[in-house]
Amino acid sequence: MGISFTVLSSGSTGNVTVVRNGETTLMIDAGLSAKRIDELLAMRELTGKDIDGILVTHEHSDHIKGLGAMARKYDLPIYANTNTWEAIEKGIGTIPEHNRIIMETGGYRDFGSLRVESFAISHDAAEPVGYNFYDGKEKLCVATDLGYVSDKVRLALEGADVLVLEANHDIEMLRMGRYPWNTKRRILGDMGHLSNEAAGAALSEILTGRTKRTYLAHLSRDHNMMDLAKMSVRGAMEDRGCFYKDSEFKLCDTYYDQPTPWDKVSQS
């Protein structure tokens, strides 16, 4: 059956993604209320009973707001590295020991034919990670909340059929925006969030003919717009000599208030 996925919600108000194959359905983060997550799952003909586990990227509230409630409601295992567990456990309530699963950074876990591999990213959290998903020759990468794309992250993303990559802000919109300067400095720093231009620069170094689509994720509602993000990312790619026709490579939308359509990774 291969890998398919939907980004249920993406942005500073909450982040939830679902990845599945024929045997396993996993959720990445649970950054909205359990009620809202259930509503978004229903839009994609799922319920919490269909979920086999929740993978956590890091402890910020827009990634774990509904984590404890979802895990308790549906008796779901939670997968996170040791430092992230220490950072989240006071905020998510009591989780039964059998659902507290350690998955250390750089390791992998097999869920039937679906292999999940985590990799370190740069963000102001205890030990933030991105995730790669493999089924046979298919590869899906999910990497948001990173201040920059390091060489190790670049290697982790290479060879993906589909990427979900952060394009958080337009630099000038952020600089001119209403946030206090210390918040702007945090977002712009190496432990902050990836700008449109930085996302485009990274893609220009990562892409091969294999990668067909990249979903631009975690857009700021104050300092970005999807059309602007796509234009800026593609412009940054072209500035570096990276040219693709829409038939060869597409930049795709994500939303804070509705899920993306189901996408099969193997789809050309």
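Let's start with charge: the count of salt bridges in this predicted model comes to 13. Side chains of opposite charge can pair when their charged atoms come close. Take one example. Glu 89 and Arg 100 meet through their side chains in a salt bridge, at 3.1 Å from N to O. Where do Glu 89 and Arg 100 sit in the chain? Glu 89 is in the loop between helix 4 (82-88) and strand 6 (100-102). Arg 100 is in strand 6 itself. They are eleven residues apart, and the pair links distant parts of the chain.

Strand 6 takes us to a sheet. Seven strands form this open sheet, in the order 6-5-4-3-2-1-14. Its pairing is mixed. Which strands are at the edges? They are strand 6 and strand 14 (263-264), and each pairs on one side only. Look at the strand 14 end. Strand 1 (residues 4-9) runs antiparallel to strand 14, and two bridges join them. There, Phe 5 stands opposite Asp 263 of strand 14.

Now the helices on these strands. Helix 1 lies across strand 1, strand 2 (16-20) and strand 3 (25-28). Its run makes about 140 degrees with strand 1. Helix 3 lies across strand 3, strand 4 (53-55) and strand 5 (78-80). It runs at about 160 degrees to strand 4.

The axes of helix 1 (residues 34-43) and helix 3 (residues 67-74) come within 8 Å, crossing at roughly 65 degrees. That angle makes helix 1 roughly perpendicular to helix 3. Who makes the contact? From helix 1, we have Ala 34, Ile 37, Asp 38 and Leu 41. From helix 3, we have Ala 69, Met 70, Lys 73 and Tyr 74. Sort those residues by type: six are nonpolar, none is polar and two are charged.

Let's walk along it, from strand 7. Strand 7 runs antiparallel to strand 8 (residues 114-120), and four bridges join them. Arg 109 has Val 116 as its bridge partner in strand 8. The hairpin of these strands has two residues between them, and Gly 112 takes a positive phi near 65 degrees there. Next, strand 8 pairs with strand 9 (residues 129-135), antiparallel, over six bridges. Val 116 turns up again, standing opposite Phe 133 in strand 9.

How do strand 10 (residues 138-143) and strand 11 (residues 162-166) pair: parallel or antiparallel? They pair in the parallel sense, over four bridges. Val 142 has Val 164 of strand 11 as its bridge partner.

Last, the record. An unreviewed UniProt entry lists residues 13-191 as "domain: Metallo-beta-lactamase". Over residues 13-191, the chain is 28% helix and 26% strand. The end C-alpha atoms of that stretch are 19 Å apart.

Methods:
Residues numbered from 1 in each chain as written. Predicted model: local features only at pLDDT ≥ 70, side-chain atom pairs only at ≥ 80, totals over all residues. Heavy atoms only, no water. Axes fitted to C-alpha atoms, helices over the stretch in contact; angles between N-to-C directions. Parallel < 35°, antiparallel > 145°, perpendicular 65-115°, else oblique. Contact = heavy atoms within 4.5 Å. Nonpolar A, V, L, I, M, F, W, Y, C, P; charged D, E, K, R; others polar. Pairing = 2+ DSSP bridges. UniProt positions renumbered as here; feature names shortened; annotations may be inferred. Salt bridge = Lys/Arg side-chain N within 4 Å of Asp/Glu carboxyl O.
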